[in-house]
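Biologist: Could you walk me through how to read a structure like this one? I would like to take it feature by feature.

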Amino acid sequence: MAKNMILDKIKFNDLLTQLVKQGASDLYLSAGKPPIFKIINELRPANNEILTGDKIEELFFALISDEQKRILQNKKSLIFGKTFENGLRFKVNLFYQSNFLSADLHFISPVIRNIRELGLPNQVEEIAE
């Protein structure tokens with residue numbers, strides 16, 4: 001059986017960098033599926049490597065504290081913010097799905113877009129003033 005290396009630390013950081021370069025907002029990690037990017041409401045596989053629940057758990061258990069592990073194991077979910085080694089910041093949602101740890105990482109852009117860039121109606125700008 002080939003060893004699944006997609007979630008080693010270096011490749012994981014590369015995956016996060018690739019997410020930003022492709023303009024994706026989210027990365028979904030689930031056992032039995034490849035990593036999935038969400039790009040403007042479209043889900044696209046980041047690559048064709050299938051993830052295992054063990055690799056997802058191994059990666060995230062190395063990133064969270066013992067207290068966070070207790071919360072995750074008791075409540076079966078955990079949400080926290082994390083800045084990764086490549087300087088990218090994400091809201092991380094860990095949860096159990098079919099008895100395997102899954103993750104949704106939502107990219108937090110360092111750039112604050114204005115009302116027009118967000119495509120909001122002019123009324124929002126008027127209310128904000």
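Predicted model: local features only at pLDDT ≥ 70, side-chain atom pairs only at ≥ 80, totals over all residues.

Biologist: Let's start with the fold. How many helices and strands does the protein chain have?

Modeller: The protein chain has four helices and six strands. Read from the N terminus, their order is α-β-β-β-α-α-β-β-β-α. The C-alpha trace spans about 60 × 35 × 30 Å along its principal axes.

Biologist: And what share of the residues counts as buried?

Modeller: Of the 129 residues, 32% count as buried. Among contacts between residues at least 6 apart, 36% join residues at least 24 apart.

Biologist: How do I read a single helix, then? Which residues of H2 are buried?

Modeller: Here is the general idea: an α-helix has 3.6 residues a turn, so residues three or four places apart point the same way. In H2, the buried residues are Gly53, Lys55, Ile56, Leu59, Phe60 and Phe61.

Biologist: What do those buried residues pack against?

Modeller: Their partners are H1, strand E1 (26–29), helix H3 (66–75), E5 and E6.

Biologist: I see several phenylalanines. How many aromatic pairs are there?

Modeller: There are four aromatic pairs in the structure. To read one, take the distance between ring centres and the angle between planes. For Phe12 and Phe84, the centres are 5.5 Å apart and the planes are at 65°, so this pair is edge-to-face, the cut-off being over 60 degrees. Phe12 is in helix H1, while Phe84 is in the loop between E4 and strand E5 (89–97), so the pair links distant parts of the chain, 72 residues apart. Both of these residues are buried.

Biologist: How is the pair of Phe90 and Phe107 arranged?

Modeller: That pair is tilted, with 5.5 Å from centre to centre and 55° between the planes. Phe90 belongs to strand E5 and Phe107 to strand E6 (residues 100–108), so the pair ties together parts 17 residues apart in sequence. Phe90 and Phe107 are buried as well. Stepping back, ring pairs link Phe12, Phe60, Phe84, Phe90 and Phe107 into a cluster.

Biologist: Last, the backbone. What is the phi of Lys76?

Modeller: Lys76 has a positive phi of about 65°, although this residue is not a glycine. Lys76 is found in the loop between H3 and E4, and its relative accessible area of 45% makes it partly exposed.

Biologist: And Ile40: is that residue buried or exposed?

Modeller: Ile40 counts as exposed, at 75% relative accessibility. Ile40 sits in the loop between strand E2 (36–39) and strand E3 (42–45). Its phi is near 45°, again a positive value in a residue other than glycine.

Definitions and conventions
Residues numbered from 1 in each chain as written. Heavy atoms only, no water. Phe/Tyr/Trp six-rings, centres within 6.5 Å; stacked < 30°, edge-to-face > 60°. Helix = DSSP H or I, 4+ residues; strand = E, 2+ residues; numbered from the N terminus. Buried < 20%, exposed > 50% of the residue type's maximum accessible area, 1.4 Å probe, protein only. Contact = heavy atoms within 4.5 Å.
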